[in-house]
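This briefing goes through one protein model, beginning with the chain as a whole and moving on to its surface and its aromatic rings. Please keep the sequence and the structure in view while reading.

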Amino acid sequence: MSGRFRCLVSAYAVSSYGNYLSLIALSLFTYDVTGSAWGIGALMALRLFSGMLAGLAAGALADTAGRRTLMFLADVAQASAMALLALTAPGTGVPLLASAVVVLGAGNTLFTVALRSAVPVMVGQEERLRANGMLVTVRSFATVLGFASAAPVIGYGGYAAAFAINGASFLVSAAALLVLRPRTDGDGTDGPAPVGDAGTAGGPRGLRGLSALLIGTILLRGADALASSSHNVALPIAAGAATPDHPELFMTRFWAAWAVGTLLAHQVVKRRTGAGRAAGERAFAIGTCAMSLFFVLAFTGLPAPALVAVALGAGLADGCTEIVYTSRLQAVPDRRRSRLFGLSATAETSGFTLGTVAAAAALEALPALAVVGAFHGTAVCGALALLVLTARGGTAPRRKRPTQGATRGGETTHGTRTGTGDTPGA
């Protein structure tokens, strides 16, 4: 792994920290500005909706402007939005806040799509699993630090300080892109896609011709996002019921254990798959089932030690599924990768948006366990369907290793071995 990529990962960690710091600050600030829970929900929906629309355009924008340029512009736009909020924080109106929320939602999606699709170009196909693990690991650290520092930052400096720190973190990421100038766009000759997926040399362009297995994997990711929205909405309710005097202890205990689990995910995937290899669609489906099971168990009234263990398992499964899913999409040829990640971002954001609204409505009439169980049951059904698809031949047999074009020095050449049974990062 090159030092340039490690520096870029460090900058990404800084911007992620700012994001999670402002996530709490922005929620509280929105309540102060709008004066109602409905206002928080409306602006959250607006942010998600802008991210969903950005996902539809992200692939075309990345292909047109270039991934590095798109990431840089997304960082600058988000930094500008946060700076504006920091300067106007005492008297920010709803229209200005809504505009900033749109920029943040769209900017985050555009940056994420460009970054994920650029990873194989920056580090090579054989190193992408390790690179994805690093990104998940540093983001987990950023989550813990961002959530932990939100209270003291807001307490001492107010919302303006939190927004200013977030804006500065975006500038750190933008400066790293400007100074390091990593190679993020391929030349269209990064080797064939895994067998069973369209998009090999001479294949159709765009998203036409994707295999049923790959489409099913993306749909399962969307179903997973829908299911995840339910426990995010229901967790404060469960915390209030379990520890009415100190619900924050329940929340802190759960999310801290979850974060530790995601930190361990990279090591687990790396040991399980070996150097240069990754689990396939089957492992992604099994991981989704495990994650859903752990999240449902968290709402069964477990004692504190058991709750910590369940949250740890949920985080571990969450991190593993993200690594293998991202690595799987990165296996397609470079000319199609940005559009595929844009489609994935739209599926994930749509699922989370729909799930948030539906889960909030369902919790008005049903207990948290029933709602979370039903939503995660949908994800489990999708995972089982994907497992059936893989068992029925949704993947093709492994091809023989080519005799030429082997991988040397951590860089992938045209003869990289493919085949879904041994596909890196499915």
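A contact here means heavy atoms within 4.5 Å. On that basis, among the contacts in the chain with a separation of 6 or more, 84% are accounted for by residues 24 or more positions apart. The model is a predicted one, and what follows should be read with that in mind.

**Chain as a whole**

- The chain has eleven helices and zero strands, so that reading along the sequence gives the pattern α-α-α-α-α-α-α-α-α-α-α.
- Of the 426 residues in the chain, 49% are buried, where buried stands for a relative accessible area under 20%.

- Val260, Leu264, Val268 and Leu312 together make a nonpolar surface patch of about 280 Å².
- Helix 7, which spans residues 247-273, contributes three residues to the nonpolar patch, and this is the largest share.
- Leu264, one of the patch residues, has its place in helix 7.
- Is Leu264 buried, partly exposed or exposed? Its relative accessible area is 40%, and because the partly exposed class lies between the buried limit of 20% and the exposed limit of 50%, Leu264 counts as partly exposed.

**Aromatic pairs**

- The structure holds eight aromatic pairs, and one of them is formed by Tyr12 and Phe111, whose rings are stacked with 6.4 Å from centre to centre and 0° between the planes.
- Because Tyr12 lies in helix 1 (residues 3-34) while Phe111 lies in helix 4 (residues 94-123), this pair ties together parts that are 99 residues apart in sequence.
- The rings of Phe254 and Trp255 are arranged in another way, with centres 5.1 Å apart and planes at 90°; since planes over 60 degrees apart count as edge-to-face, the pair formed by Phe254 and Trp255 is edge-to-face.
- Phe254 has a relative accessible area of 1%, and is therefore buried.
- Phe254 and Trp255 also belong to a cluster in which ring pairs link them with Trp258 and Phe295.

Key. Residues are numbered from 1 along each chain as its sequence is written. This is a predicted model: local features need pLDDT of at least 70, side-chain atom pairs count only at pLDDT 80 or more; totals for chains, interfaces and linings use all residues. Side-chain values use heavy atoms; hydrogens and water are left out. Helices (H or I, at least four residues) and strands (E, at least two) are DSSP runs, numbered from the N terminus. Buried means under 20% relative accessible area, exposed over 50%, partly exposed in between (1.4 Å probe, protein chains only). Patches are made of residues with over 30% relative accessible area and no salt bridge: like charges are joined within 9 Å, nonpolar side chains (Val, Leu, Ile, Met, Phe, Trp, Tyr) within 5 Å. Accessible areas come from the Shrake-Rupley method with a 1.4 Å probe; for residues, only the protein chains shown count as cover. A salt bridge is a side-chain nitrogen of Lys or Arg within 4 Å of a carboxyl oxygen of Asp or Glu. Rings of Phe, Tyr and Trp (its six-membered ring) pair if their centres lie within 6.5 Å; planes under 30 degrees apart count as stacked, over 60 as edge-to-face and the rest as tilted.
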